[in-house]
Structures are given as C-alpha cells and as structure tokens.
Amino acid sequence: MKKRILTGDRPTGKLHLGHLVGSLQNRVNLQDEYEQFVMIADVQALTDNFTEPQKVRENVREVALDYLAVGIDPDKTTILIQSLIPEIAELTVYYLNLVTLERVLRNPTVKDEIKQKGFGKQIPAGFAVYPVSQAADITFCKANLVPVGEDQVPMIEQTREIVRKFNSLYGEVLVEPEALVGKIKRLPGTDGGAKMSKSLGNCIYLSDPADEVTKKVMSMYTDPKRVHPTDPGTVEGNPVFVYHDAFNPDKIEVEDFKKRYREGKVGDVEIKKRLAEVLNELLEPMRQRRAKYESNLDEIDRILRHGTDKAREVAAETMGEVRKAMKIDYFV
Ligand code: ATP
Ligand code: MG
C-alpha cells in the first residue's frame with residue numbers, strides 16, 4: 001500500500017510563489033509515489049475570516065484552479081473541501097481534550113499570527129485552537145507525510161503530540177506524520193517582509209498576468225543601503241536574489257549576478273528584468289492550464305465533489321476505529 005500525504009491551503013486568496021516553493025512543487029512531484037489528499041481548508045480560513053464567508057466561498061474555486069494550473073492531477077490526487085468532512089470536526093472535539101490551552105498558545109506560528117492580525121486580548125477561541133483542527137485534518141486519512149512551508153512545522157509537531165497521546169491512551173489507531181518542507185523554507189514577500197502571504201498583500205500570484213508580474217518585480221524591495229548601481233550590494237537576504245535562487249534554473253547566471261552585485265557592477269534593473277522573464281517563463285504553462293479549466297467550471301465542481309466523496313469514505317473508516325478505541329461505538 002502506498003503511503004499517504006495530506007496537505008492543504010486556506011481559501012483566503014489565490015495561491016502565490018510562496019505556496020509553489022513551500023508546498024505545491026512537492027505535491028506535484030510526489031503524487032505518483034504517494035496516495036495524496038489535498039484539502040481546501042475553508043473551516044480553518046473561517047477561524048479568522050468568519051465575518052467574510054463570501055470571500056472564503058469564492059476562493060475555494062480559485063484555489064482549486066491554482067491546483068490544476070500547477071499540475072496537481074485530479075486522477076492521482078484527491079482534492080477535498082474541509083467543511084464537507086464532518087468527521088474532521090468530530091475528531092477535533094476529541095483531540096481538544098488532549099491538549100492544554102497553554103500548549104496551544106505556546107505555538108510560535110499561532111503567536112505570530114495573533115500579533116499580525118492584531119487580536120490583542122480578543123483572540124477568537126476557534127482561531128487559537130486551529131492547530132488542533134489541523135491535527136484532525138492530517139489524521140483523518142492517517143497521513144504519513146505533510147508537505148508544507150516552514151511556518152507549519154510547529155503544527156505538525158503539535159499533531160505528533162496529539163497522536164502520541166491518543167495512541168497511548170486509547171490504543172494504536174493514529175499515524176504520526178512527518179513534515180516535508182519545500183526547497184525554499186519561507187519565501188519572503190516582494191516588500192522584503194519575512195513571508196509572502198495572502199494576508200499581507202506582498203505576493204506574486206501564480207495567476208498574475210505577465211505584465212503584472214513584471215510590474216511587481218520591478219518595484220521589489222532590494223538592498224535599501226544601495227543607492228547607485230556602482231555601490232557594492234548585499235546579496236544575502238535580498239529578496240531579488242532569494243527569488244533568483246528559487247526560480248532561475250541557470251545557476252551560472254545567478255552566480256554571475258551575485259558576484260557583480262557585490263562588486264557594484266550591475267544595476268537592480270538588469271537583475272529584476274531577468275527575474276521577471278524567469279518567472280513569466282515558469283508561470284506561462286500554468287496560465288494556459290488555468291485558462292483551460294476556467295472555461296469549464298462544471299469540471300472543477302465535479303472534481304471537488306468526487307474528491308470530497310472519496311475523502312469521506314476514508315474519514316468514516318478512521319472515525320470508526322477512533323470511536324471503537326474511545327469506547328463510544330455504541331450501536332455497531
Ligand atoms: P494566509 O495569509 O491566509 O495564512 P498564506 O499565504 O499563509 O495565507 P496558507 O494557506 O496559510 O497561505 O498556507 C498554505 C501552505 O503554503 C502552507 O504549507 C504554508 O506553509 C505554505 N506557504 C505559504 N506561504 C509561504 C511562503 N511564503 N513560503 C513558503 N511556504 C509558504
Ligand atoms: Mg498561513
């Protein structure tokens with residue numbers, strides 16, 4: 001039997017280059033080797049977007065389109081909608097007994113996000129415990145591997161703790177998953193911020209048209225200390241170079257750019273122009289695949305319905321085992 005993957009995205013916006021290097025590339029590469037489940041996490045998106053259900057709803061299809069555009073193949077990968085798997089909500093309720101509030105609030109990603117979203121003391125309880133719901137996402141299908149960006153590693157660690165606790169209390173039912181971080185752990189934003197993120201408006205989207213990509217690249221943050229092209233520049237941590245490293249297949253060219261940048265022998269414009277070309281070459285086939293599906297939205301719905309049905313069968317199986325282990329399988 002193939003090992004399983006579960007991973008997913010929040011339908012809070014279209015997917016961007018950070019998703020591509022953090023997780024999507026691994027999903028495309030591993031979909032033959034693993035039985036893969038990819039979840040559109042609308043329940044999780046609602047934890048901090050509950051006042052905007054329309055936004056979440058609209059982005060479910062957008063995210064599905066992005067999946068198909070990058071080459072996730074619905075014949076190989078099961079694409080599902082989280083809210084339509086009630087077993088996940090059920091598991092979450094039982095897992096909440098296995099964690100402390102203190103532990104949940106100690107999660108460094110949750111801490112960062114609480115700060116970033118400006119909740120102050122008004123933290124929605126559902127938001128604070130979303131990592132527990134994420135443990136339910138990962139374990140409903142007994143996933144072995146979770147391809148994610150670095151910010152999600154604490155979530156996988158928390159899931160592992162919950163699995164160990166469950167198994168030691170009730171018997172070996174759940175599987176301890178491992179995180180698989182992409183080749184760039186955390187892609188910075190075009191504004192130089194630590195993470196490209198839908199919520200921060202510093203993204204290059206996979207679906208951006210070519211001229212938009214070029215515009216965003218040309219106004220990217222670089223080395224703020226460098227005023228003239230003849231000033232020696234800093235390459236390390238400079239997002240333009242992080243992107244070249246992540247996306248430019250011509251490593252010799254990238255090394256030459258770095259050398260000349262450090263020596264003050266190349267302007268930002270030349271480096272950015274080339275980056276825009278590289279990105280547009282990468283994104284063009286995705287745009288074409290996207291356009292094909294965009295004109296056939298019924299097909300998207302069919303894929304989502306089919307994937308969700310299949311996931312429900314798997315979830316029901318796990319739920320049966322969980323109920324038995326927890327002695328709440330009354331009338332079987
Ligand atoms: P939001 O701002 O709504 O949280 P997001 O841009 O962080 O959106 P998510 O849906 O939370 O996107 O993340 C989906 C997956 O993509 C996760 O595995 C996450 O780690 C990964 N990911 C998101 N942004 C980046 C990034 N900049 N670099 C690497 N991986 C990323
Ligand atoms: Mg996020």
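**Salt bridges**

I began with the salt bridges, and a search of the whole structure turned up 35. I keep in mind that this is a predicted model.

I looked up Lys76 first. Lys76 forms a salt bridge with Asp32, and the closest N and O atoms are 3.1 Å apart. Where do the two residues sit? Lys76 lies in the loop between α3 and β3, and Asp32 in the loop between α1 and β2, so the pair ties together parts that are 44 residues apart in sequence.

Next I went to Lys216. The side chain of Lys216 meets that of Asp208 in a salt bridge, at 2.7 Å from N to O. Are these two residues buried or exposed? I found both Lys216 and Asp208 buried.

Then I turned to Arg260. Its salt bridge partner is Asp256, with 3.3 Å between the closest N and O atoms. Both residues belong to helix α12 (residues 251-262). They are 4 residues apart there, so about one helical turn separates them. For Arg260 I noted a relative accessibility of 21%, which counts as partly exposed. The cut-off for buried is under 20%. Asp256 is partly exposed too, with a relative accessible area of 35%.

I moved on to strand β2, residues 35-40. How many of its residues are buried? I counted 5 of 6, so I noted the strand as mostly covered.

I checked the pairing of β2 with β1. The two strands run parallel and are joined by 6 bridges. I picked out one position: Asp9 has Ile40 in β2 as its bridge partner. I followed the chain between these strands. The path goes from β1 through α1 to β2, and this β-α-β crossover is right-handed.

I then checked β2 against strand β3, residues 77-81. This pairing is also in the parallel sense, over 5 bridges. Here I noted that Gln36 stands opposite Thr77 in β3.

**Largest pocket**

I turned to the pockets. The largest pocket holds about 890 Å³ of space. Which residues are closest to its centre? I listed Arg10, Glu113, Asp151, Gln152 and Lys195, out of 47 lining residues. The elements that give two or more residues to this lining are β1 (4-9), α1 (17-30), α2 (42-49), α6 (108-116), α8 (130-140) and β4 (145-148). α1 gives the most, with 6 residues. I sorted the lining of the largest pocket by class and got 17 nonpolar, 16 polar and 14 charged residues.

**Second largest pocket**

For the second largest pocket I noted about 540 Å³ of space. Its lining has 20 residues. Nearest its centre lie Arg57, Val60, Arg61, Ile81 and Asp301. Which elements each supply at least two residues of this lining? I found α2, α3 (53-70) and α14 (297-325). α3 gives the most to the lining of the second largest pocket, with 8 residues. By class, this lining has 9 nonpolar, 2 polar and 9 charged residues.

I cross-checked names between entries. α1 lines the largest pocket and also carries the crossover from β1 to β2. α2 is on the list for the largest pocket and on that for the second largest pocket.

**Positive phi**

Last, I looked at backbone angles. Most residues other than glycine have a negative phi. I noted two residues with a positive value.

Lys142 has a phi near 55° and is not a glycine. I placed Lys142 in the loop between α8 and β4. Both α8 and β4 are also on the list for the lining of the largest pocket.

Lys327 is not a glycine either, yet its phi is positive, at about 65°. Where is Lys327 found? I located Lys327 in the segment after α14. Its relative accessibility is 66%, so I logged Lys327 as exposed.

Terms used
Residues are numbered from 1 along each chain as its sequence is written. Chains are lettered from A and ligands numbered from 1 in the order in which they are written. This is a predicted model: local features need pLDDT of at least 70, side-chain atom pairs count only at pLDDT 80 or more; totals for chains, interfaces and linings use all residues. Side-chain values use heavy atoms; hydrogens and water are left out. On a 1 Å grid over the protein atoms alone, a cavity is a set of points where a 1.4 Å probe fits but cannot get out, and a pocket is an open set with protein on both sides within 12 Å along at least five of seven lines; lining residues have an atom within 4 Å of a point. Grid points are joined across faces, edges and corners, and a volume is the space filled by probe spheres set on the points. Ala, Val, Leu, Ile, Met, Phe, Trp, Tyr, Cys and Pro count as nonpolar, Asp, Glu, Lys and Arg as charged, and the others, Gly among them, as polar. Buried means under 20% relative accessible area, exposed over 50%, partly exposed in between (1.4 Å probe, protein chains only). Two strands pair if DSSP finds at least two bridges between them. A crossover is right-handed if, with the strands pointing away from the viewer, the path from the first strand over the helix to the second runs clockwise. A salt bridge is a side-chain nitrogen of Lys or Arg within 4 Å of a carboxyl oxygen of Asp or Glu.
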